[in-house]
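Open the structure in your viewer and keep the selection tool at hand. This short tour tells you what to pick at each stop.

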Amino acid sequence: MRTVFPIFFFLMPLLSAPVSAAYPNAAQLRQMAAKFAPTPLTADTSRLNAGDMAALKKLLEIGPLIDRIFLDQLWSGNTAMYGKLRDDKSDLGRARFHLFWISKGPWSDLDGHKAFLPGVPERKLQGANFYPDDMTKAEFETWVAHLPPEKAKEATSFFTVIRRDPATGHLRAIPYYDEYQRYLKPAAKLLREAAALTTNASLKHFLELRAAAFLDDNYRPSDIAWMDIDAPIDITIGPYETYNDELFGYKAAFESYICLRDEEETKKVASFSSHLQDVENHLPLEPRYLNHKLGALMPIRVVNEIQSSGDGNHGVQTAAFNLPNDEVVVQQKGSKKVMLKNVQHAKFDSILVPISKDVLTPAAQPELNFDWFFTHILAHELSHGIGPHEIEVNGRKTSVRLELKDLYSTIEEAKADITGLYMLQYFFDSGILPGGEKAEHGLYTTFLASAFRTLRFGTLEAHGRGMALQFNYLMDHDAFRATRDGRFEVNYAEVKQGVRDLTHELLTIEARGDYSGAKSLLDKLGVVRPQVQQALDRLSRIPVDIEPEFVTANQLVPDKLNP
Ligand code: ZN
């Protein structure tokens, strides 16, 4: 699973000028592409030894192969379209190719996957190219229902495509290693070469197993080895997410993230994690609801991305992901969360800084700070692991998720945000983090500005609605204030109490499994009020996301990357 925020449907009217002609012209295409601010991505490779540096270069050469597989997975006409557009050097051709490459296809991610080119299906096909273009859901279901169990498993596997037999027209499953062999064979070779070069045993082990999986589709052993990677080079590569199969959600798309571990942040996560029980014991919650023995945490890795490809590099950029998705591996080994720090930094610079200039008072603007933005994201993730989860309601054992039903995600996301603030204040107060006025001002003002980034996603989505709840609560408690010209600032005298009270309120709702309490709180506060809407309207010209420029990758392997 990944974190990008599903903004596709909520922001549609806001995002691009309506296309008046049948298809956008060059200027309109450039305007659509400008929703993704070009942003350089770099990572510091100076700490790599010679073996790892050589391995890294091999790994970067795989990216273009993953891109090509993904193009083929998204649409049957994509590979031909890629060649045609790349060779078209006219003004219109170049504008089309640019947006095509951002989208990895002829449909705009920000406009409900609508075509921006002639001669292609009007919208992205639900089954992408995982199934024959003319296959219906019913045809597939009837076919699978009549297959023997082994064959049905192949048909619904993550790692097969469905094609028609050219002679009979009947459906059949083709394994990925066969369908994509022209890309997977050279990719496996590069993985093995990198394995031979690296000096890190856990990385070598993963690369060898993943190379084998590219040739036989047996991904489980390498998924397990991926959980154990403990190396300066952090790589995620293979078929993972199934979002592009909108017919059934069976088929996994290829992606890769070639990254370097961020040593400093990794230490910070370890330090925060070691104090989590302490935070739990001091939560503003009735003592009978506290958990005096926290379970194991999902491991968190903080990395800096050098290159992403395929499903990992189209439309809105991934900021973090949880993998693997294979339930069998998750049961046996758990899963881990990977956070892409320099991607978050790029989004901060290209989106949050311009937002803050519009919504913060001039006096508050200098307090905005990436370190607090990222540290709060870490605290948010760790906060999901504390507070009530397994609960008892009237003597009945249940869970917060079961009791809060459709409201669970919204309440849990808001709880993770606000408890994250509470946690960091606790770290200041107990000397675990250097506190003081400057730190506190940076933390709370950065949170206020980033609230607007989240509120742009709309209140139909859990993060956006959860943020509306927090924002309105803090406004109503005088922790945030609006000025007459429609800007906002933190009232430092009240904000700590406001954060503490809201943390108490949300944790108590969770501890009691109080659905009606959650509902009345959200009905009252989970809305965009006129004052906020006016500010959001002013932000419509600010980019929605970034278009990464892989500066470090291009320096390391010049001329070997797409397009
Ligand atoms: Zn969350």
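**Stop one: the zinc site**

Select Glu413: its relative accessibility is 15%, so it counts as buried, the limit being under 20%. Keep in mind that this is a predicted model.

Now show the zinc ion. Which residues coordinate the zinc ion? They are His380 through NE2, His384 through NE2 and Glu413 through OE, at 2.1 to 2.2 Å. Along the chain, these donors follow the spacing H-x3-H-x28-E. His380 belongs to helix α17 (residues 370-383) and Glu413 to helix α19 (residues 408-429). The pair links distant parts of the chain, 33 residues apart. Click His380 too: with a relative accessible area of 9%, His380 is buried.

**Stop two: aromatic rings**

The structure holds 31 aromatic pairs. Pick Phe471 and Phe488. Their ring centres are 5.4 Å apart and their planes stand at 75 degrees, so this pair is edge-to-face. Phe471 sits in helix α21 (residues 462-476) and Phe488 in strand β15 (residues 488-490), so the pair ties together parts 17 residues apart in sequence.

Then select Phe158, Phe159, Tyr176, Tyr180, Phe214, Tyr219 and Phe254 together. These residues form one aromatic cluster.

**Stop three: charges over rings**

Go to Trp101. Lys104 lies over its face, 4.0 Å from the ring centre. Finish at Tyr515. Here the charged end of Lys405 sits over the ring, 4.8 Å from its centre.

Technical notes:
Residues numbered from 1 in each chain as written. Predicted model: local features only at pLDDT ≥ 70, side-chain atom pairs only at ≥ 80, totals over all residues. Heavy atoms only, no water. Donors = N, O, S within 2.8 Å, 3.2 Å for Na, K, Ca; no water. Helix = DSSP H or I, 4+ residues; strand = E, 2+ residues; numbered from the N terminus. Buried < 20%, exposed > 50% of the residue type's maximum accessible area, 1.4 Å probe, protein only. Phe/Tyr/Trp six-rings, centres within 6.5 Å; stacked < 30°, edge-to-face > 60°. Lys NZ or Arg CZ within 6 Å of the ring centre and 35° of its normal.
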